[in-house]
Amino acid sequence: MTEERILKQENKGFYITTPIYYVNDVPHIGHAYTTVAADVLARYKRLCGEKVLFATGTDEHGKKIQRSAQQQGRTPRALADEVVRRFQDAWKLLDISYDDFIRTTEDRHAAVVHEMWNRMKAAGDIYEGVYEGWYCVPDESYWTEKELVNGACPVCGRDVEKVQEQGYFFKLSRYQQRLLEHIETHPDFILPASRRNEILSFVREGLKDLSITRAGFDWGIKVPDNPKLVIYVWLDALLNYLTVAGFSRDGERFKQFWPPSLHIVGKDIIKFHAVYWPAFLMSAGIPLPEHIVAHGWWTLGDVKMSKSLGNVVSPESLVSTYGTDATRYFLMREVPFGLDGNFSDTAVQTRINSDLANDLGNLLSRATGMVVRFAGGVLPAPDTADQFDTALQQQSAELSGAYDAAMNTIEFHAALTAVWEFIRGANRYVDQTKPWQDAKAGNTQRLNTRLYHTIEATRIAAIYLIPFMPGTARTILAAVSQETKGLGLKQLAAWGGSAPGVSIAQAQPLFEKKTDALKAGANAGSSAAEPRQPAGRKKGTDGQGPAQSAAKPAQPPMMTPIISIDQFKTVELKVGTILSAQKVEGSSKLIKLEVDIGEKRTIVAGIGKSYAPEDLPGKRIVVVANLQPAELFGIQSQGMLLAAGDPEHLGLLTVDRDAANGTRIK
Ligand code: MSP
């Protein structure tokens, strides 16, 4: 990510955070990606003997959450409680070793938010005023008219709402110069460089004061002395990093861990972290985080994965199909951190088959198998080393430097590439030295040296895999009868750590090869909620239904694996009749339909550019009846109708013979 070693060894503890996740959305691999990355670094730092505070959590306040809860007929609290469990379960499945899980609805957090409000106010940075402009509820962000793209949110492409409210502002403009200086004098403050440049030009263009309250709803932390207003959810959320560190509550923890060593965030939320957050801290006189690192997006068919687009792959389904460690490995190995990556099951399977089952699995299997076959299952002591043995040792010494360099510059894929070069080198060592020939010829000393070296290389590879694949590393270390005994990375990875004389049995295969396409359940997100709309930067990504995908013919096709008849049968297509239709207020293309498909359903369809509402009642249509309900413009859409063509000339799919409403299409 940068040539410099950015994560320095210090006496201060290593404090690493993920963003806190909104609770209107169940976890998907976008969330898992950040969390696994943070977990890998946390485990690496612990292995290096550092004191680590690794925090994740949930962002539970705000209009978006309140609205989602309302639409589901539940309280925001009930929604949050359920989704929080989903996140915690997902992190358990992915073996995430967080030290603290913060929920913004906790009392410890409200206290910090109030304390910070008071500090920023005492600094003269909070004043009353009227906010007039636009607001994107899904992103919880303010926009000026000029910033909108085709009248929609410039980040997510969704519709924005006009807002005019009396409230409070933060004097962000006051920090423009100091922020610029900080970014300019700390080249590693924002990473990678592309994001740093983006933020530099944003700040140079001029910072406007920021509205930091919202009116008209109550799901948030109240403004001290003005409980009719709630504190802007991004101010509330960013302060979670202080709460976790024990700010104004636990002086010792705060001293040990503040400032944060590293905030890992997605590129879409870099502005909040690299502009607003440091300005809040400057106002309150608190030191700034050391590094903010933005990663890219996971896409499916080159469209950003997100729940609202319905094209998500859930961590649960990935883990149930591929296992925890293969999932972790894939996420960290496949895409250089910072760049976007396209998810496909073939990519996962290729990694599993070639890197995990072949290279790593093979090494363990032959290393243990040879000890069983040629040494009665007892690890022999090595004898004098020849050039093959010393070359392997030399390779392990080189790996140490390459691995540390990559980890400290947050280049996970490079760290893993280095480990795999070593693993492949160890396999080559066996191929070239052919220990079975020494066994046959009775060259016991040479044979023993080969057996020891092969086991030792396998053990060392496992040590380097601890941060990435903790379960697999444990399995390998158990198979070669070695423990980590609380030692640090340097000692553990030093050559010669395997103790001769231990018993070794033939190891079971570590990974099963996968050649099938993702099973239906493995892609629950995308099969349950068909990819609907690309993450456009333009208006018009506001709806559900065929008009959305048709609206963006330039988008590359979504991933279309061959499916089995059983998979097809999971889609419930039914014949229906449109009973009534009306335009959705505020949208140019959405129409709200009441449809009879054997039962009455409300469907919001993006067909408004091809059909006038009055032409629709009585039309026979085909509906996806078991699509996960989605909320569009505050209306719950309970299915999707099928249509073909470009957005202005869509044709509805229909049946050309009589079929009763509700008839299942086969
Ligand atoms: N609640 C805010 C963060 C507040 S932090 C003080 C938020 N939450 S989020 O749930 O919408 O997103 C959290 C993180 O997930 C972001 O860093 C975002 O970039 C990341 N991802 C969401 N979808 C993603 C992909 N498809 N790919 C990779 N990461 C993406 O924003």
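Modeller: Let us start with one atom pair. An oxygen atom of the ligand is placed 3.2 Å from a polar backbone atom of Tyr-22. A polar contact is a pair of N or O atoms within 3.5 Å; within protein, one must be able to donate a hydrogen and the other to accept it, and residues adjacent in sequence count only if both atoms are side-chain atoms.

Biologist: What kind of model is this, and how is it numbered?

Modeller: Residues are numbered from 1 along each chain as its sequence is written, and side-chain values use heavy atoms, with hydrogens and water left out. Local features need pLDDT of at least 70, side-chain atom pairs count only at pLDDT 80 or more, and totals for chains, interfaces and linings use all residues, for this is a predicted model.

Biologist: Which polar side-chain atom lies 2.5 Å from an oxygen atom of the ligand?

Modeller: Asp-59 has a polar side-chain atom 2.7 Å from a nitrogen atom of the ligand. The 2.5 Å pair, with an oxygen atom of the ligand, involves a polar side-chain atom of Asp-268.

Biologist: How much of the ligand does the protein bury?

Modeller: Accessible areas come from the Shrake-Rupley method with a 1.4 Å probe; for residues, only the protein chains shown count as cover. Taken alone, the ligand exposes 670 Å², and the share of this that the protein buries is 95%.

Biologist: Which element gives the most residues to the shell around the ligand?

Modeller: Helices (H or I, at least four residues) and strands (E, at least two) are DSSP runs, numbered from the N terminus. Elements that give two or more residues to this shell include α1 (29-47) and β12 (262-266). The most, four residues, come from β1.

Biologist: Which elements do the buried residues of α2 pack against?

Modeller: Buried means under 20% relative accessible area, exposed over 50%, and partly exposed in between (1.4 Å probe, protein chains only). In α2 (residues 63-71), the buried residues are Lys-64, Ile-65, Gln-66, Ser-68 and Ala-69. They pack against β1, β2 (52-59) and α3 (76-93).

Biologist: What is omega for the cis peptide bond that joins Trp-258 and Pro-259?

Modeller: Pro-259 is in the loop between α9 (251-257) and β12. The cis peptide bond from Trp-258 to Pro-259 has an omega of about 0°.

Biologist: Is Asn-150 buried or partly exposed?

Modeller: Asn-150 is found in the loop between β5 (141-143) and β6 (161-170). Although Asn-150 is not a glycine, its phi is positive, about 50°. Because its relative accessibility is 48%, Asn-150 counts as partly exposed.

How values were computed:
Contact = heavy atoms within 4.5 Å.
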